[in-house]
Amino acid sequence: MDKKNRLILALDVTDRENALRIANEVSDYVDSIKVGYPLVLGEGLGIVKELVEIAPVIADFKVADIPNTDRLICEHVFNAGAAGIITHGFTGRDSLDSCVKVANDFGTDVYVVTEMSHPGGVEFFRPVAEDIAKMAVEAGASGVVAPATRPERVKDIRKIIGEELSIISPGVGAQGGSAADVIRAGADWVIVGRSIYNSDSPAEAAKKICDEMNC
Ligand code: 3DU
């Protein structure tokens with residue numbers, strides 16, 4: 001992913017018309033568009049094929065299954081044109097290896113969730129976040145997902161993964177995190193949804209976040 005704007009749009013609207021309108025409006029300000037269950041369950045995987053005409057797409061399916069099922073999910077997602085996929089890591093090394101292998105075959109990226117950004121994200125993830133980050137490095141993932149709501153954790157995770165892997169960071173705006181703070185803590189990109197797509201002017205909202213990060 002080109003690091004131009006440091007901003008990834010989380011496009012969690014559920015219908016095609018709004019999705020394409022918002023994606024087009026913000027395309028100058030985002031390096032990638034993240035789609036997940038809300039939009040794909042609403043419109044089908046075909047929406048990915050349309051969005052990749054506007055910006056590279058990361059599929060946030062938080063893949064968390066046995067290696068064979070993970071492989072099948074990744075193949076569908078990359079055949080639809082996605083440039084990256086978000087997976088969980090708690091399912092273990094063999095499951096993650098399966099995703100990385102498919103991504104390598106397609107020349108695409110795997111991002112592994114280390115610790116989630118919502119309050120409940122500390123309950124089970126906190127004790128294993130560092131181990132998951134280490135595994136992401138060992139498995140050859142492209143990057144990890146770490147919480148913008150806790151910049152200090154982004155710092156901790158950056159120390160573990162070094163400079164080669166990317167950190168993409170959700171939790172800015174609606175969840176309370178600051179884009180500038182989490183970039184300073186070591187994130188490469190922020191992921192922002194509601195603060196942009198619920199705004200009367202998604203483009204202005206996206207530009208404002210870019211300006212905060214000096215990009
Ligand atoms: O809170 P927002 O509306 O800016 O959206 C954040 C997006 O990032 C949303 O798609 C959510 O599913 C995703 N995400 C997290 O918020 C937290 C995580 O730890 C991982 C993904």
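Reader: At what angle do the axes of helix 6 and helix 7 cross?

Author: Please note at the outset that this is a predicted model. The axes of helix 6 and helix 7 (residues 151–161) cross at roughly 35° and come within 9 Å. The crossing of these helices is right-handed.

Reader: Which residues of helix 6 meet helix 7?

Author: Ala129, Glu130, Ala133, Lys134 and Val137 of helix 6 meet Arg153, Asp156, Ile157, Ile160 and Ile161 of helix 7. Sorted by class, this contact has six nonpolar, four charged and no polar residues.

Reader: How is the packing of helix 5 and helix 6 described?

Author: Helix 5 (residues 93–106) packs with helix 6 (residues 129–139) at an angle of about 45°, and their axes are 10 Å apart. Angles between 35 and 65 degrees count as oblique, so helix 5 is oblique to helix 6. Their crossing is right-handed. Helix 5 contributes Arg93, Leu96, Asp97 and Val100 to the contact, while helix 6 contributes Met135, Ala136, Glu138 and Ala139. By class, the contact of helix 5 with helix 6 has five nonpolar, three charged and no polar residues.

Reader: In what order do the strands close into a barrel?

Author: In general, strands of a sheet pair through backbone hydrogen bonds, in either a parallel or an antiparallel manner. Here, eight strands close into a barrel in the order 1-2-3-4-5-6-7-8, with parallel pairing. From one strand to the next, the twist averages 25°.

Reader: How many bridges join strand 7 to strand 8?

Author: Three bridges join strand 7 (residues 166–170) to strand 8 (residues 189–192), and the two run parallel. Isoleucine 168 has tryptophan 189 in strand 8 as its bridge partner.

How values were computed:
Residues numbered from 1 in each chain as written. Predicted model: local features only at pLDDT ≥ 70, side-chain atom pairs only at ≥ 80, totals over all residues. Heavy atoms only, no water. Axes fitted to C-alpha atoms, helices over the stretch in contact; angles between N-to-C directions. Helix = DSSP H or I, 4+ residues; strand = E, 2+ residues; numbered from the N terminus. Parallel < 35°, antiparallel > 145°, perpendicular 65-115°, else oblique. Left-handed = near helix turned anticlockwise from the far one by under 90°. Contact = heavy atoms within 4.5 Å. Nonpolar A, V, L, I, M, F, W, Y, C, P; charged D, E, K, R; others polar. Pairing = 2+ DSSP bridges.
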